[in-house]
Amino acid sequence: MGLETKPLSTLHEKASYDPADFDVPNGREEEWRFTPLSRLKGLHDGAAVVSGGGVAVSVEAAPEVTVETVGRDDQRIGKAYVPADRISAQAYAAFEKATVVTVPREAVASAPTVLTFAGGGGVAYGHTVVKLEAMAEAVVVLDHRGSAVYADNVEFVVGDGATLKVVSLQDWADDAVHVSHHHAQLGKDATFRSFVVTLGGDLVRLSPSVSYTAPGGDADLTGLYFVDAGQHLEHRLLVDHSQPNCRSNVVYKGALQGEGAHAVWIGDVIIRVEAEGTDTYELNRNLLLTDGARADSVPNLEILTGEVAGAGHASASGRLDDEHIFYLQARGIPFEEARRLVIRGFFGQLIEKIEVEELRERVMAKVEAELAG
Amino acid sequence: MSTLEIRDLQVAVEDKEILRGVNLTVRAGETHAIMGPNGSGKSTLAYAIAGHPKYTITGGQVLLDGVDLLELGVDERARAGLFLAMQYPVEVPGVSVSNFLRSAVTAVRGEAPKLREFAKDLKAGMDALSIDPAFAQRNLNEGFSGGEKKRHEILQLELLKPKIAVLDETDSGLDVDALRVVSEGINRFRATGETGVLLITHYTRILRYVKPDFVHVFAGGRIVEEGGPELADKLEAEGYEAYTKASA
């Protein structure tokens, strides 16, 4: 398959299913410069071949939802998304089985559909398609745990008037490496809500992207991460507004603590000439709880039309506000508890947005454990 | 009965000397007004006593019932019975008023209040200060008007029941109605006769509602004149000009 070049954006300009169409990254490229390549365990240069226990996918589906395990030749695969970098193409070239989740036209899923990705050691590649036909509604959970070196692509195809809410939890063991692309393609008046929670893993690099095939699409991308000593957690967002009157809102918040804790957040939004009436906002905030932690935050808004409804971005990385802590302490609350209250407050409003109650509680408990630990 | 004794307190901010030897004793049952022009160091006194990290103590003592507060952390001072009503209460995103108040009451009393009792106290306190009950679920000070913030400070005062309250320009930015409501709260707090109040203000207006026993004029980082309530009347008529010239 040949190399396609997207015409406008300076970033994400390549797309191909074939890893050979991408140079092996050397770390100086814009899209790789934050990622410690030596910790990718060969995902980027072809050295990571499938081995070991891999990643086992188990499914708990709502009765209205169909889940199939299919081979590489299934016609539904690769329709919404063309890999945009070398590892994504590598994952596409190397996966053996794909999981396809289908929500039929006008079906409303009565329960969340949960896909659990359990790492059993070794190297694995994966592919998932979640397809909502017109007017369908569903909540889908991607729950990643265990240990693995894993690269995959997830395609969310949200049909006309459909509503998809996704929670993706990266709760890997300490030594896991996970590089993933999540692409959502929104039809006319489609609604997409993504909630990404990244807590575990030695290196996680997750790239959520959104494209629109018709007007009226509405995407909310929310993310939360907690980076501990030595962890590299990277989120690279791309929202490509190519249709008029669509909306997107990106809010990612992270806390970092410990030596070598490294968060990277890249937020690219493109508003193309034809995307009049676009309303978009993106925000990233990082809370540096200790010395030795580092957050790189790069919002990038490219506007090619004069007719936008709203476009903005904000990025801030800083320490706990001394004035907040002082105020709480001045009311008798001890420092450690004041700190917990403020951090909980920092994340609290985000966590409330998680659709599934038990997940909300699990994420809150995880954050509490991080704070205590 | 509690006593707050400020002895020869000297305070600097970033190596600049602000307080130059403040001496003041506040006993339970007394209300002291500290009045002075802007920049005289009134607020520095309040924040230094509370332990704000921006202020460096370069000399002196602040004793609450014989315990030197300057040796204690910010939260320990509050638990020892000191309360500072802030001039500009900060907004704390994501921390609800009710959660904050319950945490504070638990910390100061040393045990969690019974939920039902706490809810009742909170409701009564909010009613008395004409605070909309919906505020309990809002984030701390977030989007509160100036008057709402001050009422909320006095609500905390009444719930935490400190031994000594330092009120830093609680009257600033209040309209007459809000001033009356806030003053009534302060008066309820001091009605027991077991608490002392140090009321810092620029204007005499609040003193018509909260009658002081003593008035101290603050200028150039120290107390330059002391008297009874009549001193406030004199300041009302003549302003601070005489003091600012003298200290310059």
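Analyst: The end C-alpha atoms of residues 121–346 of chain A are 34 Å apart, and this span is 9% helix and 63% strand; helices (H or I, at least four residues) and strands (E, at least two) are DSSP runs, numbered from the N terminus. The model is predicted: local features need pLDDT of at least 70, side-chain atom pairs count only at pLDDT 80 or more, and totals for chains, interfaces and linings use all residues. Residues are numbered from 1 along each chain as its sequence is written, and side-chain values use heavy atoms, without hydrogens and water.

User: Into which domains is chain A divided?

Analyst: Domain bounds come from an automatic or database domain assignment. Here they give domain 1 (4–319) and domain 2 (321–373) of chain A, with 26 Å between their centres, taken over C-alpha atoms.

User: How many residues of each domain are in contact?

Analyst: Contact means heavy atoms within 4.5 Å. In chain A, 27 residues of domain 1 touch 19 residues of domain 2.

User: How many salt bridges does the rule find across the interface of domain 1 and domain 2 of chain A?

Analyst: A salt bridge requires a side-chain nitrogen of Lys or Arg within 4 Å of a carboxyl oxygen of Asp or Glu. The rule finds three across this interface. A salt bridge also joins the side chains of A:Asp171 and A:Lys366, at 3.2 Å from N to O.

User: Which element gives the largest share of the side of domain 1 that touches domain 2?

Analyst: β12(A) does, with five residues.

Methods:
Chains lettered and ligands numbered in written order.
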